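We will go stop by stop.

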Amino acid sequence: MRVWGIVWALVAILFSFSEAMDLQKIARNIYVAKGTYGLPSKENRGFMSNSYGILTREGWIVIDALSTPELAREFISELKKIKNVPVLYLIITHYHMDHYFGAKAYKEEGAKVIAHKNLKVFYEEGTAQMVLEGARKGFPGVFDDVEPVAPDMVIDSKVKLRVGRKVIEIIPMTPAHTNTDLVIRAEGYLFVGDLVSYKRIPFLGDRNVKTKRWLKVLDTIGKMKFKKLLGGHGDPMGREALKWTRDYINFVRTEVARLKDEGLFVDEVKEKLKESPFKDSKMYDVFHLRNVYFVFNELDMELE
Ligand SMILES: [Zn+2]
């Protein structure tokens, strides 16, 4: 009996190890915790996006907060195992829950939270709280500990953040995926949030999405110099990801516009576009038809 007790204890320990957040080093001073693909669930604890830590002599700078304070605290504790220095800044690439909802942990840590100025509006007008309540209903047990927080510093034009001898550029690229998109340049890398993805369907259904502007943003990023693009989901990306993202957005826009012009209703358009050249991509079943639906409506009222 005692032997089994020990065996189970070992299994429990192994299991808890496999559960621990695993950080990967992707460049000299850059580390990532990489979430899984999918929607939030009790099993994945909402860990379906990336958080990056940039190490400076003065302390850590973090890009994106993950979905919950619990996950964010784990990430912070893993960073401190690498180097036990303070977390100075959290920069949020956009207001979606898997990038913003862990932010409370950074306030507890004494870090300054930096976000686009529209994220402050999102917070102040109570929209963040509404989205949270929706998320709690939609994904029970994942977001209990979340509390939206206000950014300490807001961005509405390009700024240079100086940390010791390092300069980090924060560049608003809104509206595109949302009206809060920031691109961050550090160590020669570009942190692009969900503006760029590769073989993972981007979400085109945010209330503030502007897909036409998004295509322009992709061109802008394409003209910039970078070693790799570091996104909100998945692995580091090269220029092929810009093309892939552009191709997908273009595909949805062009096909929806064509079928709409033929006089088809939204459900008929969805039926026609159920299959597409992108159907082997990750998150296809979750996002693609919703994207068709949203772009159908977006095209009704699009500014030139
Ligand atoms: Zn997003």
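**Stop 1: a histidine in a strand**

Select His 116: this residue is buried, with a relative accessible area of 4%. Buried means under 20% relative accessible area, exposed means over 50%, and partly exposed is in between (1.4 Å probe, protein chains only).

Before moving on, note that this is a predicted model, where local features need pLDDT of at least 70, side-chain atom pairs count only at pLDDT 80 or more, and totals for chains, interfaces and linings use all residues. Residues are numbered from 1 along each chain as its sequence is written, and side-chain values use heavy atoms, with hydrogens and water left out.

Now show the strand around His 116. It is β6, residues 112-116. Helices (H or I, at least four residues) and strands (E, at least two) are DSSP runs, numbered from the N terminus.

Which backbone atom lies 2.9 Å from a polar atom of the His 116 side chain? Select Asn 118: it is the backbone nitrogen of this residue. A polar contact is a pair of N or O atoms within 3.5 Å; within protein, one must be able to donate a hydrogen and the other to accept it, and residues adjacent in sequence count only if both atoms are side-chain atoms.

Next, show what His 116 touches. Leaving out residues up to four places away in sequence, the partners include Val 154, Pro 172, Asn 179 and Leu 182. Contact means heavy atoms within 4.5 Å.

**Stop 2: a sheet and its hairpin**

Select β8 to β12. These 5 strands form an open sheet in the order β8-β9-β10-β11-β12, with mixed pairing. β8 and β12 (229-231) stand at the edges, each with a single partner strand, so one side of each has no neighbour in the sheet. Neighbouring strands are turned by 25° against each other on average, direction ignored. Two strands pair if DSSP finds at least two bridges between them.

Zoom in on β8 (residues 159-163) and β9 (residues 166-172). They run antiparallel, joined by 5 bridges. Find Leu 161; opposite stands Ile 168 in β9. The two strands form a hairpin with 2 residues between them. Click Gly 164 in the turn: its phi is positive, about 60°.

**Stop 3: a threonine between helices**

Select Thr 245 in helix α8 (residues 239-261). Is Thr 245 buried or exposed? Thr 245 is buried, with a relative accessible area of 0%. Its side chain reaches the backbone oxygen of Ser 197 at 2.7 Å. Setting aside neighbours within four places in sequence, Thr 245 is also in contact with Leu 195, Pro 202 and Trp 214, among others.

α7 and α8 pack at an angle of about 165°, with axes 10 Å apart. Axes are lines fitted to C-alpha atoms, for helices over the stretch in contact, and angles run from 0 to 180 degrees between N-to-C directions. The two helices are therefore roughly antiparallel. Angles under 35 degrees count as roughly parallel, over 145 as roughly antiparallel, 65 to 115 as roughly perpendicular and the rest as oblique.

**Stop 4: past the end of α8**

Select Phe 265, in the loop between α8 and α9 (266-273). Phe 265 is exposed, with a relative accessible area of 62%.

Finish with α9 and helix α10 (residues 284-298). Their axes come within 10 Å and cross at roughly 140°. These helices are therefore oblique to each other. Show the side chains: Val 266 and Leu 273 are among the α9 residues that meet α10, where the residues involved include Tyr 284 and Phe 296.
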